[in-house]
Protein chains: 2
Amino acid sequence: MIRPVTLIESVRLSRKLGVQIILASETFQHTGSFKYRAAWNVAKNVPHKQLLAASSGNFGQALAYACQILEKRCTIVMPQDSATVKIKAVREYGATADLIDVRLKTRKERVDELAAELSDVYIASAYDDDLVIAGNSSLGREIAQISTVDTVIAPVGGGGLAAGIVQGLREAGRSLAVVGAEPAMANDAARSLRAGHLVRDITESATIADGARTLSLGERNFAILKQGLGGIVEVSEEQILDAVRLLFHLANLKAEPTGALALGAVLADHERFRGRTVCCVISGGNVDASFYAQILASA
Amino acid sequence: MIRPVTLIESVRLSRKLGVQIILASETFQHTGSFKYRAAWNVAKNVPHKQLLAASSGNFGQALAYACQILEKRCTIVMPQDSATVKIKAVREYGATADLIDVRLKTRKERVDELAAELSDVYIASAYDDDLVIAGNSSLGREIAQISTVDTVIAPVGGGGLAAGIVQGLREAGRSLAVVGAEPAMANDAARSLRAGHLVRDITESATIADGARTLSLGERNFAILKQGLGGIVEVSEEQILDAVRLLFHLANLKAEPTGALALGAVLADHERFRGRTVCCVISGGNVDASFYAQILASA
């Protein structure tokens with residue numbers, strides 16, 4: 001039920017960057033992002049008949065659709081001012097969108113409240129869950145099949161994707177350098193790796209890579225990444241935008257800003273990747289049309 | 001050297017249209033459109049060391065890159081007011097962009113002039129050539145492998161793509177309904193099929209589907225299509241734009257207007273496809289950022 005990753009190569013993109021680039025795109029995964037790998041694995045493997053999560057982003061849509069396929073009930077807690085298209089998508093996938101006023105109640109408070117009300121319910125985390133890492137590991141095993149690659153770059157928010165890739169490559173017996181790509185504006189993972197312990201931010205960053213606004217890595221993910229990651233590249237907002245535009249112009253690929261982080265990392269630290277064959281994981285493609293049009297127009 | 005077609009399914013798109021849709025996207029083909037299939041087949045199979053074509057669009061880029069790979073020389077005649085990005089792309093693929101003032105000289109005049117000057121040169125047609133149809137037939141053979149499909153919709157300009165698909169399906173021994181999608185503003189192919197003979201327009205249409213502005217079908221293509229095509233759907237400009245936006249919103253797919261014609265045909269003649277499993281061929285993705293941003297913003 002997982003769709004295989006879509007591999008895209010653009011000779012113009014590779015030549016422009018002086019780095020051999022293979023795009024591993026999850027933008028055509030069910031619900032438009034890699035999150036479906038984890039959501040499907042969670043919904044399939046827990047015995048509960050109901051799932052509950054707080055998410056205004058890709059995980060909510062992914063869990064909603066996985067539950068619809070598996071004929072389980074699903075409730076997604078979302079801020080009431082979430083983009084209409086996101087609320088609409090969750091509902092189209094058959095879930096209940098539970099809208100809250102975050103000035104009156106936090107997402108966690110509402111999740112706890114609902115968990116007490118609902119029976120036979122599993123609270124799904126978007127990233128700090130062994131089933132999430134196991135779900136994402138399927139992408140690592142797929143990347144392990146690309147014989148020419150020597151380096152993988154994956155975006156880092158909560159760390160579930162990068163940890164899953166590290167684990168999947170290990171399962172496949174393939175040792176490739178895995179590098180994280182994180183917004184410089186939300187660099188808690190880079191700081192955690194430098195400090196050797198988990199660093200938590202207090203307030204959410206306003207980076208345009210909204211999938212990487214998490215306050216900290218998941219604990220399970222940090223344990224995997226501090227061993228398995230060959231460093232993190234911090235990517236500026238301008239480099240993220242440039243990467244979105246390069247993907248549009250030279251690879252015909254619509255990516256959301258978080259999805260373009262890995263290519264942004266090549267722009268940010270070009271020397272590190274020169275002469276290598278780099279698999280850039282494009283994690284998702286769900287971006288509002290008006291925002292995307294602005295990004296294209298602001299070149 | 002041909003990249004296989006990328007198959008994309010979006011449950012939200014299929015549900016919205018009430019038709020099971022499988023997108024067969026050539027937007028990630030080398031040079032961003034199906035034209036590379038033909039260009040490669042022509043450049044590889046003619047003995048000439050030099051190729052020459054008039055094209056301001058996807059065929060020019062495709063032929064330029066095919067010749068670069070095959071280490072042949074290539075000249076593309078283009079109007080001097082072609083979009084800068086298109087001239088740049090042809091040059092990046094190693095070809096000579098021969099820019100002309102079309103008020104002073106037609107493309108054909110310039111091609112004839114160059115053909116007389118250059119030695120060992122083959123004049124490549126973008127669509128009226130057996131090698132072009134044979135190149136495009138590879139896509140028909142690939143579509144023949146999709147077991148669930150019962151109908152294929154392909155855009156029709158010069159007719160090389162649709163004719164190639166008909167031929168490829170026949171070679172694979174698969175009998176599927178193949179339907180053409182043509183801009184209502186440039187409906188010479190629909191009129192030709194109705195008349196039973198080749199109809200030629202005098203002036204180029206201004207349809208936004210610029211790949212379908214050809215004045216008539218190629219003669220070879222018409223011979224194949226009048227037998228093999230199960231009709232042509234005429235698509236309005238608004239339906240083409242709606243299809244571009246639907247592909248963006250519900251399938252994360254960047255398509256050029258010509259590439260969205262097949263999905264536009266489903267919008268234009270919904271009843272015809274209800275209950276079917278339809279493979280929509282998305283022929284290419286090369287569209288200017290500013291124009292694309294306008295399309296998204298004008299929803």
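1. B:Asp120 has a relative accessibility of 41%, so this residue counts as partly exposed. Please keep in mind that the model is a predicted one. B:Asp120 sits in the loop of chain B that runs between helix H5 (107-117) and strand E6 (121-123). Its backbone deserves a look: phi is positive, about 50 degrees, although B:Asp120 is not a glycine. As background, most residues other than glycine have a negative phi.

2. Chain A has its own case to look at. A:Asp120 is not a glycine, yet its phi is positive, at about 55 degrees. A:Asp120 is found in the loop between helix H5 (107-117) and strand E6 (121-123) of chain A. With a relative accessible area of 40%, A:Asp120 is partly exposed.

3. Next, have a look at helix H13 of chain B, residues 289-297. Its buried residues are B:Ala289, B:Tyr292, B:Ala293, B:Ile295 and B:Leu296. Viewed down the axis of H13(B), these buried residues fall within an arc of 160 degrees, so they line one face of the helix. A reminder on the geometry: an α-helix has 3.6 residues a turn, so residues three or four places apart point the same way. On the face of H13(B) turned away from the buried side you will find the exposed residues B:Ser290, B:Gln294 and B:Ala297.

4. What covers the buried residues of H13(B)? The cover includes helix H10 (237-251) of chain B, and from chain A both helix H10 (237-251) and helix H13 (289-297).

5. That brings us to the interface. In contact there are 29 residues of chain A and 29 residues of chain B. The two chains bury about 2500 Å² between them, with 55% of that on carbon and sulfur atoms.

6. A salt bridge joins the side chains of A:Arg12 and B:Glu92, at 3.0 Å from N to O.

7. Which elements of chain A give two or more residues to the side that touches chain B? They are strand E1 (6-8), helix H1 (11-17), helix H3 (58-70), helix H4 (84-92), H10 and H13. H13(A) provides the largest share of that side, four residues. By class, the side of chain A that touches chain B has 14 nonpolar, eight polar and seven charged residues.

Methods: Residues numbered from 1 in each chain as written. Chains lettered and ligands numbered in written order. Predicted model: local features only at pLDDT ≥ 70, side-chain atom pairs only at ≥ 80, totals over all residues. Heavy atoms only, no water. Buried < 20%, exposed > 50% of the residue type's maximum accessible area, 1.4 Å probe, protein only. Arc of directions from axis to C-beta. Contact = heavy atoms within 4.5 Å. Buried area = accessible area lost by both parts, 1.4 Å probe. Salt bridge = Lys/Arg side-chain N within 4 Å of Asp/Glu carboxyl O. Nonpolar A, V, L, I, M, F, W, Y, C, P; charged D, E, K, R; others polar.
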